Amino acid sequence: MKSSAGFFAKELQKMTQKSIEALQAAQNVSVENSNQEWRQEHLLLALLTQREGLIPSLLKKMEVDTFGLLADVETEIQKAPKVSGVTQDKLFISVDLDRAI
């Protein structure tokens, strides 16, 4: 796993503002849930709840049950291992999230 601090320094320059906001929100979700590993589920939750974001509007047009999807994602996040004292500088990016980004 990679540290999230090193990731942001190199990759943020290539991303849109909405992408950056989603990644920052995903980090916050990780910290709020005491998950030291920053995972795809955190990013998905951030994208699903992003105001004026592309993902919520696309899913709405596709008639996806976003409330059900949101509940499923939150359930998966709750299953992730918890660590006390998690801060953004102590997060590690999961291999799957690293590949997705």
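Biologist: In which helix do E21 and K18 both lie?

Modeller: This is a predicted model, where local features need pLDDT of at least 70, side-chain atom pairs count only at pLDDT 80 or more, and totals for chains, interfaces and linings use all residues. Residues are numbered from 1 along each chain as its sequence is written, and side-chain values use heavy atoms, with hydrogens and water left out. Helices are DSSP runs (H or I, at least four residues) and strands likewise (E, at least two), numbered from the N terminus. E21 and K18 are three residues apart, about one turn of the helix, and both lie in α2.

Biologist: How far apart are N and O where the side chains of E21 and K18 meet?

Modeller: Side chains of opposite charge can pair when their charged atoms come close. A salt bridge requires a side-chain nitrogen of Lys or Arg within 4 Å of a carboxyl oxygen of Asp or Glu. E21 and K18 form such a bridge, and the N to O distance is 3.6 Å.

Biologist: Why does E21 count as partly exposed?

Modeller: Buried means under 20% relative accessible area, exposed over 50%, and partly exposed in between (1.4 Å probe, protein chains only). K18 falls in the partly exposed class at 33%. E21 does so because its relative accessibility is 32%.

Biologist: Which residue forms a salt bridge with R99?

Modeller: R99 is exposed, with a relative accessible area of 63%. The closest N and O atoms are 3.5 Å apart, and the partner is D96.

Biologist: How many salt bridges does the structure hold?

Modeller: Another of them joins the side chains of R39 and E41 (3.4 Å, N to O). R39 is partly exposed at 21%, and E41 is partly exposed at 22%. The structure's total is four.

Biologist: Is Q50 buried or exposed?

Modeller: Q50 lies in the loop between α3 and α4. Leaving aside neighbours within four places in sequence, Q50 is in contact (heavy atoms within 4.5 Å) with K18, E21, A22 and P56. Q50 has a relative accessible area of 13%, so Q50 is buried.

Biologist: What is the area of the nonpolar surface patch made by L54, L58 and M62?

Modeller: Patches are made of residues with over 30% relative accessible area and no salt bridge; like charges are joined within 9 Å, nonpolar side chains (Val, Leu, Ile, Met, Phe, Trp, Tyr) within 5 Å. L54 belongs to helix α4 (residues 54–61) and is exposed at 56%. Areas come from the Shrake-Rupley method with a 1.4 Å probe; for residues, only the protein chains shown count as cover. The patch covers about 320 Å².

Biologist: In what order do the elements run from the N terminus on?

Modeller: The chain has six helices and three strands. Their order is β-α-α-β-α-α-α-β-α.
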